[in-house]
Amino acid sequence: MDFEYKNIVVAVDGSEASEHAFKKSLDIVKRNDARLILAHVVDSRTFATAEAYDRTLAERADNYAKELLESYVESAHEASVTNIVRCVEYGSPKVKIAKEIAVDFGADLIICGATGMGAVERFLIGSVSESITRYANCDVLVVR
């Protein structure tokens, strides 16, 4: 193999699409003897207004993120992957994954799930996977 991936960021959000991306990442991580960076971005924009009515929203989002990553870590360990880093960030997943997390960890591959958005939604707001593909400085694998 001429090129090996050493730092692989996997964007996970608990969706079925991210579950497929995670499973695909395990094979790639093992094949390349790479470090697995499990990244979850809490989209704080979605609850900024709602938090005025429910002060526990941020805390619950944080707990969900930690539990989610812990479940992925357990699955990775079961698949014999041990070089794992957990990363929880806050903000826009579109910006954080490609422009900050991947850069901070020196990623040479980002793996994410394809979204199930319709054409109108993609036109209005764009998908996270599309944004990652557009702005990443490394290879991106979008898993269907």
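The expected span of a helix is 1.5 Å times one less than its number of residues; helices (H or I, at least four residues) and strands (E, at least two) are DSSP runs, numbered from the N terminus. This is a predicted model, where local features need pLDDT of at least 70 and side-chain atom pairs count only at pLDDT 80 or more, while totals for chains, interfaces and linings use all residues. Residues are numbered from 1 along each chain as its sequence is written, and side-chain values use heavy atoms, with hydrogens and water left out.

**View A. Helix H2, end to end.** H2 covers residues 57–78, and its 22 residues should span 32 Å at 1.5 Å a residue; the end C-alpha atoms are 32 Å apart, which agrees.

View B. Ala61, Asp62, Ala65, Leu68, Leu69, Tyr72, Val73 and Ala76 are the buried residues of H2 (buried is under 20% relative accessible area, exposed over 50%, partly exposed in between; 1.4 Å probe, protein chains only). They sit on the same side of H2, because they cover an arc of only 140 degrees around the axis (taken from the directions from the helix axis to the C-beta atoms). An α-helix has 3.6 residues a turn, so residues three or four places apart point the same way. Glu59, Glu67 and Glu78 are exposed on the face turned away from the buried side. The buried residues of H2 pack against H1, E2 and strand E3 (84–90).

**View C. Strand E1 and its partners.** E1 (residues 7–11) is largely enclosed by the rest of the structure, because 5 of its 5 residues are buried. Asn7, Val9 and Ala11 point one way, Ile8 and Val10 the other. E1 pairs in the parallel sense with E2 (residues 35–42) over 5 bridges (pairing takes at least two DSSP bridges), and Asn7 has Arg35 as its bridge partner there. With E4 (residues 109–113), E1 also pairs in the parallel sense, over 3 bridges; here Val10 is bridged to Ile111.

**View D. Around Leu38.** Leaving aside neighbours within four places in sequence, Leu38 is in contact (heavy atoms within 4.5 Å) with Val10, Phe22, Leu69, Tyr72, Val73, Ile84, Val85, Arg86 and Cys87.
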